[in-house]
Amino acid sequence: MYVSFRVKTIKIVVAIVVAVALAGVGTTLLISGAVTERTAVAAASDELFSTTDMVIWLASKGVSVEEEPILISEIIIPSRWNDFYTAYNDLQISQGYNLEKYRSKPATLYSFEVTNYLKDGEILPNIVANILLYENKVIATDISNNVPNGFVDSLDSINQ
């Protein structure tokens, strides 16, 4: 009788361990599913609510960046544009954005260090991906070289 109690106890303990393990797997799958769903939403949308969303969104465009922005800045889009802003808006129009309706409005600029911009087979330093948001919506984006006489280009330039 003592042996059968011990066998029953072992079976119960094994059953509990298996149940806990299955619950852990189920929780992991639920969390993983939620993360996968959020990843898909961030990649497909121009509405970004966190820097994680921004990193995912940039990755969906072929741009790899560091996870934390190197700059977050509140700006006001000027009401009058100089030649730079006119050219910059032309770049945005080529990507499906247009800053015209955001003149005089506040926006938030997020800049991320790019980790996959190649030239002659080498990753170039000082390359940033910029995302300009108005009320969590992407209104402008670019790849630029943040050195004197650098460049500003579309996100597509990373794949060329």
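Predicted model: local features only at pLDDT ≥ 70, side-chain atom pairs only at ≥ 80, totals over all residues.

Student: Why is E113 called partly exposed?

Tutor: The relative accessible area of E113 is 38%. Buried means under 20% and exposed means over 50%. The value for E113 falls in between, so the label is partly exposed.

Student: Which residues gather with E113 in the patch of negative charge?

Tutor: E66, E67 and E68 gather with E113 on the surface. What makes the charge negative is the residue type, because Glu counts as negative.

Student: How many helices and strands does the protein have?

Tutor: There are 3 helices and 7 strands. Their order from the N terminus is α-α-β-α-β-β-β-β-β-β.

Student: Which residues of helix 2 are buried?

Tutor: Helix 2 covers residues 51-60, and its buried residues are D53, M54, V55, I56, W57 and L58. Just after helix 2 comes G62, with a positive phi of about 90°.

Student: What makes the phi of S104 worth a note?

Tutor: Most residues other than glycine have a negative phi. S104 is not glycine, yet its phi is positive, near 70°. S104 lies in the loop between helix 3 (83-94) and strand 2.

Student: Which other loop holds a residue like that, and where is N136?

Tutor: N136 lies in the loop between strand 5 (127-134) and strand 6 (137-145). N136 also has a positive phi near 70° and is not glycine.

Student: Why are S104 and N136 labelled partly exposed?

Tutor: S104 has 45% relative accessibility. N136 has 33%. Both values lie between the 20% and 50% cut-offs, so both residues are partly exposed.

Student: How do you know that E100 and R103 form a salt bridge?

Tutor: Their closest N and O atoms are 3.1 Å apart. The rule asks for a side-chain nitrogen of Lys or Arg within 4 Å of a carboxyl oxygen of Asp or Glu. The pair is a Glu and an Arg, and 3.1 Å is within 4 Å, so the pair counts. By this rule the count is 1 salt bridge.

Student: Are E100 and R103 buried, exposed or partly exposed, and what are the values?

Tutor: E100 has a relative accessible area of 39%, so E100 is partly exposed. R103 is partly exposed too, at 27%.

Student: What makes T141 buried?

Tutor: T141 has 1% relative accessibility. The cut-off is under 20%, so T141 is buried. T141 lies in strand 6. Beyond neighbours within four places in sequence, T141 is in contact with W57, Y88, Q92, Q95, Y97, N130, I131 and L155. One of these, W57, is also among the buried residues of helix 2.

Student: Why do S154 and S157 count as buried?

Tutor: S154 has 11% and S157 has 6%; both are under 20%, so both are buried. S154 lies in the segment after strand 7 (152-153). S157 lies in the segment after strand 7 as well.

Student: What share of the whole protein is buried?

Tutor: Buried residues make up 31% of the 160 residues. The protein exposes about 10300 Å², and carbon and sulfur atoms supply 59% of that area.

Terms used. Residues numbered from 1 in each chain as written. Heavy atoms only, no water. Patch = residues over 30% accessible without salt bridge, like charges linked within 9 Å, V, L, I, M, F, W, Y side chains within 5 Å. Areas by Shrake-Rupley, 256 points an atom, 1.4 Å probe, with all protein chains shown as cover. Charge placed at Lys NZ, Arg CZ, Asp CG, Glu CD. Buried < 20%, exposed > 50% of the residue type's maximum accessible area, 1.4 Å probe, protein only. Helix = DSSP H or I, 4+ residues; strand = E, 2+ residues; numbered from the N terminus. Contact = heavy atoms within 4.5 Å.
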